[in-house]
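Please read it beside the sequence and the 3D view.

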Amino acid sequence: MKIFITGISTDVGKTITSAIVVEALEADYWKPIQAGDLDNSDSHKVKSQVSNSKSQFFPNSYVLNTPASPHLAAEIDGVTIDLKEINEPKTENHLVIEGAGGIFVPLNENETIVDLIQPDYKVIVVSRHYLGSINHTLLTIEAIQNRGFKVAGIIFSGSKNKSTESLILNKTGIKCIGRIDEEPYFDQNVIREYADLFRDNLLSLE
């Protein structure tokens with residue numbers, strides 16, 4: 001499987017989710033674009049939280065210095081993000097691909113994160129409850145579907161809100177893979193526990 005992980009906004013839990021999915025499937029990991037925090041990048045974080053020995057971690061296609069939208073970070077660095085230069089790594093293993101921010105975060109003048117999604121990707125949307133998150137979640141799912149891609153599952157992150165989660169699942173009919181609680185910390189043991197909980201649902205993604 002090739003699993004593309006996106007979120008309804010920034011800081012909703014995509015990287016923790018990526019670590020859990022990587023651990024559950026002993027998958028490889030690739031973040032095409034990293035903007036800022038280069039000494040503790042998302043690739044570093046996922047690698048530090050995964051305990052299996054099978055996963056490989058592929059280099060970013062673009063490494064940008066400024067923690068900002070990729071288009072702006074690229075402009076500051078004097079480069080232009082070109083989708084033709086973003087080449088999916090070759091692997092015989094499952095591959096987890098982590099996006100940056102939400103699906104309409106711009107990469108350049110014409111393209112956004114959603115343009116990284118390929119027809120053979122299984123898309124997982126990470127949703128976190130906050131005022132406006134229902135709207136953001138439904139808009140994200142609809143935008144992905146309108147481009148001809150299927151959302152394979154939703155993972156909820158943070159404090160539980162049964163009403164919000166039920167409404168989103170009922171309106172979309174999309175499978176809930178699981179939910180990640182507001183944990184005091186995440187380490188390899190916690191990631192492994194969630195991996196065990198999510199594994200069966202991940203393996204049955206359509």
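Contact here means heavy atoms within 4.5 Å. The model is predicted, so local features need pLDDT of at least 70 and side-chain atom pairs count only at pLDDT 80 or more, while totals for chains, interfaces and linings use all residues. Residues are numbered from 1 along each chain as its sequence is written, and side-chain values use heavy atoms, with hydrogens and water left out. Helices (H or I, at least four residues) and strands (E, at least two) are DSSP runs, numbered from the N terminus. Buried stands for under 20% relative accessible area, exposed for over 50%, and partly exposed for values in between (1.4 Å probe, protein chains only).

- T112 touches I103, F104, V105, P106 and L107, when residues up to four places away in sequence are not counted.
- The position of T112 is the loop between β6 (95-98) and β7 (121-128), and T112 is buried, with a relative accessible area of 16%.
- I5 is part of strand β1 and counts as buried, at 0% relative accessibility.
- Leaving out residues up to four places away in sequence, I5 touches K14, T17, S18, V21, V96, I97, E98, G99, I124 and V126.
- One of these contacts, I124, is 119 residues from I5 along the chain, yet the two C-alpha atoms are separated by 5.0 Å.

**Aromatic pairs**

- A pair of aromatic rings is described by the distance of the centres and the angle of the planes.
- Rings of Phe, Tyr and Trp (its six-membered ring) pair if their centres lie within 6.5 Å; planes under 30 degrees apart count as stacked, over 60 as edge-to-face and the rest as tilted.
- By this rule there are four aromatic pairs.
- Y29 and F57 make a tilted pair, because their ring centres are 6.1 Å apart and their planes are at 50 degrees.
- This pair links distant parts of the chain, with Y29 in strand β2 (residues 28-30) and F57 in strand β4 (residues 57-58), 28 residues apart.
- Y29 is buried at a relative accessible area of 0%, whereas F57 is partly exposed at 24% relative accessibility.
- Y194 and F198 have ring centres 5.9 Å apart and planes at 70 degrees, so the pair is edge-to-face.
- Both Y194 and F198 belong to helix α6 (residues 188-203), where they are four residues apart, about one turn of the helix.
- Y194 counts as buried at 6% relative accessibility, and F198 counts as buried at 3%.
- F186, Y194 and F198 form one aromatic cluster.

**Helix packing**

- Two packed helices are described by the angle between their axes and the distance between the axes.
- Axes are lines fitted to C-alpha atoms, for helices over the stretch in contact, and angles run from 0 to 180 degrees between N-to-C directions.
- Angles under 35 degrees count as roughly parallel, over 145 as roughly antiparallel, 65 to 115 as roughly perpendicular and the rest as oblique.
- The axes of helix α1 (residues 14-25) and helix α2 (residues 42-49) come within 9 Å and cross at roughly 45 degrees, and α1 and α2 are therefore oblique to each other.
- In the contact, T15, I16, S18, A19 and V22 of α1 meet D42, K45, V46 and Q49 of α2.
- The residues of the contact of α1 with α2 comprise four nonpolar, three polar and two charged; Ala, Val, Leu, Ile, Met, Phe, Trp, Tyr, Cys and Pro count as nonpolar, Asp, Glu, Lys and Arg as charged, and the others, Gly among them, as polar.
- The axes of α1 and α6 come within 8 Å and cross at roughly 70 degrees, and α1 and α6 are therefore roughly perpendicular to each other.
- On the α1 side, this contact uses I16, A19, I20, V21, E23, A24 and L25, and on the α6 side I191, R192, Y194, A195, F198, R199, L202 and L203.
- By class, the contact of α1 with α6 has 12 nonpolar, no polar and three charged residues.

**Positive phi angles**

- D11, a residue other than glycine, has a positive phi near 60 degrees.
- D11 sits in the loop between β1 (2-7) and α1 and is exposed, with a relative accessible area of 68%.
- E26 is not a glycine either, and its phi is positive, at about 50 degrees.
- E26 lies in the loop between α1 and β2 and counts as partly exposed, at 36% relative accessibility.
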